[in-house]
Each structure stands twice: as structure tokens, then as C-alpha cells.
Amino acid sequence: MKAIIKMALCIMVVALAAVSCKQKEAPVQEAKPEVYVPKHGLELVDLAKIKTYNYVQAPVQEAALSVVVNYSETELYAPIKIKYTYANGDTYTYMLEGFGLWENENGRLRVVADKTTVWLQGQTKAGKFCEFVFYGDPKNNGKKITPNSYRNLPAGEIVYR
């Protein structure tokens, strides 16, 4: 009987040792690729600090894929939005509030845009004349342009000098 109790006790000790030594396996987590979250920038143009001719450099060091200019053709001082879109999904928007676009002799507003550059001509509510050039491609930063709102309608034409 003593032998059976000793044998049972030994089996229990071995079983407990085996259970306590067994490590819990951590659940395997699959490595998920990091998903890029696009950034959306917004800049309000302060009309109190502008000059007569304003050249706004590209907001990032990558060329924009496209630019969209939203403005009212009927309301003179309606907000103007210039939105650049980039290959990685980022966007950058400029807002002009209190700026009125002028018309050319044919009655078209003086807004000329190509793939990445936007030219606007008009005045502030205070009556100050000003011209804006927004660049979307950093290789054009600092270049002067010649806009033509009569050619290549409806977008107009921009010639870099």
C-alpha cells in the first residue's frame, strides 16, 4: 500500500511539473502593412498682408497631379478655393475670402489654370488691385508667368518665362 501511495505521489509530482513547465503559446499576430493616411492641408490667405503681385510657392516638394479652382461666376466676393491633389492622396487647399475676380473684355473672369499653376486677378473688398499665382509644382517656384485668358478656352493658357 505504501508503494502504491508513493507511486501515485510520484506520478502527481511529474504531472504537475509537466503542466507548470508547459508555456502558454502567444496568439500569432499577422503583420499588417501600414496603411498611409492622406493629409489634408488648408491655408487661409490673409488679404491684409498681400502685395500687388503675390507668388505662392508649391506647398510640398512633390508636383501636384491636378488643381481645381472653385469660385462663383455670379457673386463678386464669394470664397475662392484652390485645391491641389497629389499622387499619395494628400490634398492642399488655399482659401481666399473677400477677393473679387475681375472680368476680361469678353466677360470671362480672370482665372487661368493649367495642370498645376493658377493665376487670379482682381481686387479686395477695400478696392486694392492684386494678382495671385499659386504654384503646384516646386520646379516652377519663382518663375514668372504670362497668363492669357483668351487662348485655350475655357481654362486659358499659362506660359512660363
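Q: Which residues do ring pairs link into a cluster?
A: Tyr84, Tyr92, Tyr94, Phe99, Phe132 and Phe134. Keep in mind that this is a predicted model.

Q: How many aromatic pairs turn up in the whole structure?
A: The search finds 7. One of them joins Trp102 and Phe129.

Q: Why is the pair of Trp102 and Phe129 called tilted?
A: The planes of the two rings stand at 35°, so the pair counts as tilted. Stacked would need under 30 degrees, and edge-to-face over 60. The ring centres are 5.1 Å apart.

Q: Where do Trp102 and Phe129 sit in the chain?
A: Trp102 is in the loop between strand S6 (99–101) and S7. Phe129 belongs to strand S9, residues 129–135. They are 27 residues apart, and the pair links distant parts of the chain.

Q: And what is the relative accessibility of Trp102?
A: It is 30%, so Trp102 counts as partly exposed. Phe129 is also partly exposed, with a relative accessible area of 22%.

Q: New topic. How many helices and strands are there?
A: The protein chain has 1 helix and 11 strands.

Q: Which strands form the open sheet?
A: There are 4, in the order S1-S5-S4-S3, with mixed pairing.

Q: In what sense do S4 and S5 pair?
A: Antiparallel, over 6 bridges. S4 covers residues 80–85 and S5 covers residues 91–96. In this pairing, Lys81 stands opposite Met95 in S5.

Q: What does S2 pair with in the parallel sense?
A: With S9, over 4 bridges. Tyr53 has Glu131 as its bridge partner in S9.

Q: Where do the side chains of S2 point?
A: They alternate along residues 53–56. Asn54 and Val56 point to one face and are buried.

Q: Now pockets. How much space lies in the largest pocket?
A: About 180 Å³.

Q: What lines the largest pocket, by class?
A: The lining has 8 nonpolar, 1 polar and 3 charged residues. Among them are Val69, Tyr71, Arg108, Leu109, Pro154 and Ala155.

Q: Which strand gives the most to that lining?
A: Strand S7, residues 111–113, with 3 residues.

Q: Where is Ala155 placed?
A: In the loop between strand S10 (145–148) and strand S11 (157–160). Ala155 is partly exposed, with a relative accessible area of 33%.

Q: How far apart are Ala155 and Asp114?
A: In sequence, 41 residues. In space, Ala155 and Asp114 are 6.9 Å apart, C-alpha to C-alpha.

How values were computed:
Residues are numbered from 1 along each chain as its sequence is written. This is a predicted model: local features need pLDDT of at least 70, side-chain atom pairs count only at pLDDT 80 or more; totals for chains, interfaces and linings use all residues. Side-chain values use heavy atoms; hydrogens and water are left out. Two strands pair if DSSP finds at least two bridges between them. Helices (H or I, at least four residues) and strands (E, at least two) are DSSP runs, numbered from the N terminus. On a 1 Å grid over the protein atoms alone, a cavity is a set of points where a 1.4 Å probe fits but cannot get out, and a pocket is an open set with protein on both sides within 12 Å along at least five of seven lines; lining residues have an atom within 4 Å of a point. Grid points are joined across faces, edges and corners, and a volume is the space filled by probe spheres set on the points. Ala, Val, Leu, Ile, Met, Phe, Trp, Tyr, Cys and Pro count as nonpolar, Asp, Glu, Lys and Arg as charged, and the others, Gly among them, as polar. Rings of Phe, Tyr and Trp (its six-membered ring) pair if their centres lie within 6.5 Å; planes under 30 degrees apart count as stacked, over 60 as edge-to-face and the rest as tilted. Buried means under 20% relative accessible area, exposed over 50%, partly exposed in between (1.4 Å probe, protein chains only).
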